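Here are a few notes to go with the model. Have it open while you read.

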Amino acid sequence: MNGTQRFRKLAAGVAIATALAGYAHAEVTVLGWPGGPEETALRAAAQAYNALPDTAADEQVSLLFFNRDGFFDKLQADMAAGTDAFDANLLATYSIGRYAPFMEPIELDPGAADVFGDTVLETMQFEGEQYGVPLDLSAHFMYYRTDLIDALLEDESAHARYSAIAEEYLGQAMAPKHPDDWTWDDYVVTSLYFTQAVNRDSPVRYGTVLQMQNLLFNMMVFHSYPRAYGADWMDADGTITVDSDAYRLPLERYKMLLDAGATPRDSLSYEFPEANAAYNSGQVAVMLQWNGAAGELMDPDNAMHAENVAVVAPPAGPEGRFTHIHGLGLGLNENARNPEGARKFLEWLSTEDAAVIYARNSGAPGLTGNALARVADDRPDLVQLGEFASSYGFVMNGGTSASALSVYEAQAQAFTGYWAGTQTLDEALRNVERAMADLLE
Amino acid sequence: MALLMHSLRWLVFLLAAFILNFPIISTVVTSLKSRAEVNANAGLSIQQPTLDNFIQVLTVTDRLNIYGYLQNSLVAAMIGTILPIIICFPIAYAIARRNYGSNILFPLVINLRALPLIIFSIPLYLMYQFMGLLDTRLGLGLILAVINLPLTLLILVNGIHDVPEELDEAAKIEGASLWIILSRVVLPVCRPAVVVTFIFGFITAWNEFLFGLMLTTRDAVPMTVGASFFFSSGGGGIQWGMAAAIIIIAALPPTLLGLVMYRQISRSMLGGAVKG
Amino acid sequence: MNTRIGSQYENPILAAPMIVFLLLLLGFPSLLNIIYSFSAVGFSNIRTPEFQGLQNYQAVFNDPMFWQATRFSLKFATLTALAECGLGLFLAIFLSPLLRQRPWLLAILMMPMMVAPAMMGLMYRLVLHEFVGPLPHYLFKWFGDSPAFLSASNVFTTVFVIETLQWTPFVLLLCYMAYNAINPEIKEAATVDGARPHQLLWYIELPLILPTVAVAFFIRFIDGFRIFDNIFVLTGAGAGGSTTSLSIYIYQTFFRAGDIGKALAASVVLFVVSFLVLFIAIRVLRRGKR
């Protein structure tokens, strides 16, 4: 390619870019999460919005989906460089502090608090400002196999074995309980009981499946456990409080379950899909997993024993019952070409009607009140989600800060090192505290 | 004895072919299974073969334009493969024949391959933004050319080294200019090296992911990035059957190209053994 | 060697296209990256980095993870390059008569290279899975047990094998070409002189393709050293960072920790060190040739 040609191509590139910019200006471009139910729901909502009589031609919403792998890394680069390729973009609780410098706070519909409830609205707030309209909510469910648990509860002869296992591993005699009444100790012993390496008569290979890959999302799943013992990232003064009994005990219990063979041996490389695949095989009794897995795990066409899978809230600890929650939502790009149009769409998204449309089209918003009542028949799972989120939902102190993502990463790095046996518990906690002190100062 | 050797060779070949290609065989098998069967039947047999995964991947064009991705990848990868060959060939000659630049320049360029080039993503993003190259095939192609540059240079230098020097000496005595020597004498003789560079370069460019992710958004998204529409490697679900189908589709173009190129290699090798 | 008949500008002209291209594309980015490496810079201030001297370099040198990642990359690169070259060379020579008869067989052996490494990593997540992966499936069926491929103690071996399986074809192709480019007259002459096949191989053929093997080893070493895609998709950074290569370390520092300055300081260190190694290696090699 000679110089002239290269220049021509370059010029053509510029021309195309300019033309596209003009085209994008005529509407509101919204960047969403591709491929899953979130996309289906957002498409339905956008379609409904575009059909409204008072949505003008230059306010029509056009959706942009790129890809899922590396989504947030790319978004970060886009926003840091001040892109104007989209007006509104996806936002997550754990990354809100990181994106806030490149976004602008928005106004929600006055009724939004009645639609979503304050806990859910807070998942989209940073330093007291509302940065996004909440769409999908993620919490954790304890999935369990009713056939296995019922059999255990009914079979008195098994109780002695169960108690012996409790004695051996936790140092106290225990009796089987229904998952509704579980403490984390009950979860641990039940997991051990249903493990063939521990109890040769177990009908399934593993009692549970833990997601232990060095990945920030796995830390979120883990956090519901220490929180039940009162764990937090830092106290009100900003002192890091991770080196505490509330963290130590659950960390040790996870390692115990791994070493006892109660979770698949490859668990250190497991995350969402691997854990689901293990559970779907019918060889695992109980699992703490995202609510988003319910469809897959309870679909008889997809999973063995799907008809026997039920969910409850995560087990309780001395401080109560907790589920880590985070939300996905949409917020306003600081460099938006059409900020007015985007604001109008985002405000509409926070109305009851929009939330109902979103929920009816396979979205998973955390709803309360009238909005929840309107979709309860179609989506009973949302009733459960809303209930769990409002009763047990929590975000760690610092969990929406600018460095929240890095804190999760640092914990994943150190905790998985402890589970793998390359760091002692003290080292791991020390490393986390040091990293967090740097990050959250 | 000869027969025994021959059978042994076949045995080794079959074994190597099976082991090396095991993940690909698994991918093909998975792509022909339904979602339920992926969960229920882990083996390499298929109880109810289905083309659903391929049909879904190829027909959901409203949500994901696989043909557009393939086109983008093809254009960008071609730029990223051919451009470095053109600009490296002259300097490869200078390095191989005259040791020109072989002290500093050569190691400096080769060194680029050791770096995770993604560290250039932010400055490049800013530069591309300024030049209007963001989200264009040309912009992606240019950076793919940078990625391919070190390997291209290395293989070309090696290839030119292997061309007997007497050939260009002879041409020089006959009064041929440098450009004639380069294009009519050296280039034809080291064609296998150029072809190999092309194959490796194309494969690398075609399979590149991170720059495709960072520098495109809507119009120039390459296949590797578009493919991840169906999975997220960290913190999301994976639809195995569809992921497998899209992997197969994505691997077809470089495979076809390879088939054409191996013929080239074989032919040029038969055409004249020059080494030694 | 030094018969420079053409004008004195000939060499610079030959070099110009590549140099100009590199300057155009990487000139500004390199400059900015070097500035970044001496600055406090994260995603919130990429246009306004604050100069702060050597702090990032200090942070890199004091980070045990940096050294762990460097060790991982060196070990991984050495072992995979050795295995790939050994296997590739053997297959190239041993299968050569077969491949010459039926060139299309070569295409089958080249298949693994055609799949993007990231996608290869993804497929291995399925292939190695205890419940849905074919490999454990058959191991359980035939032997009643299957190793935990990705457990802390096995994960290095597993990624080593995965990388070797995918890139042995690369070495195979290079060696196969070099082997077949050997002038048949040399072989004939040696055979006439009474050389036996293994002597022919050891004293004549191997020395002739050794330079190509060296180049192949070198390329595979570099590629192994900067390994990213397949490991990143398969195990992420690994439990406690056990599969963190230098590229993964830099990527994570850059994007996940958002510490651009530190990531670039690590890259500058990597670039300078590897340049020095290459620089010396090339000098030594050339002296060896003379």
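1. Helix H2 covers residues 37–51 of chain A and helix H15 residues 352–360 of chain A, and they pack at about 140 degrees with axes 8 Å apart. H2(A) makes a right-handed crossing with H15(A).

2. Who touches whom? From H2(A), A:Ala41, A:Ala44, A:Ala45 and A:Ala48 meet A:Ala354, A:Ile357 and A:Tyr358 of H15(A), a contact meaning C-beta atoms, placed from the backbone, within 7 Å. By class, that is seven nonpolar residues, no polar and no charged.

3. Remember that this is a predicted model: local features need pLDDT of at least 70 and side-chain atom pairs 80 or more, while totals for chains, interfaces and linings use all residues. Residues are numbered from 1 along each chain as its sequence is written, with chains lettered from A and ligands numbered from 1 in the order written.

4. On to chains B and C: the contact takes 81 residues from chain B and 85 from chain C. Helix H14 (residues 240–271) of chain B gives the most to its side, with 14 residues. By class, chain B's side has 57 nonpolar, 18 polar and six charged residues.

5. Chain C has 13 helices and two strands. Its radius of gyration is 24 Å, well over the 19 Å that the globule rule (2.2 Å times the number of residues to the power 0.38, over C-alpha atoms) gives for 290 residues, so chain C is more spread out than a compact globule. Its C-alpha atoms fill a box of roughly 75 × 75 × 30 Å along the principal axes.

Notes: Axes are lines fitted to C-alpha atoms, for helices over the stretch in contact, and angles run from 0 to 180 degrees between N-to-C directions. Helices (H or I, at least four residues) and strands (E, at least two) are DSSP runs, numbered from the N terminus. A crossing is left-handed if the near helix is turned anticlockwise from the far one by less than a right angle, and right-handed if clockwise. Two residues are in contact if their C-beta atoms, placed from the backbone, lie within 7 Å. Ala, Val, Leu, Ile, Met, Phe, Trp, Tyr, Cys and Pro count as nonpolar, Asp, Glu, Lys and Arg as charged, and the others, Gly among them, as polar.
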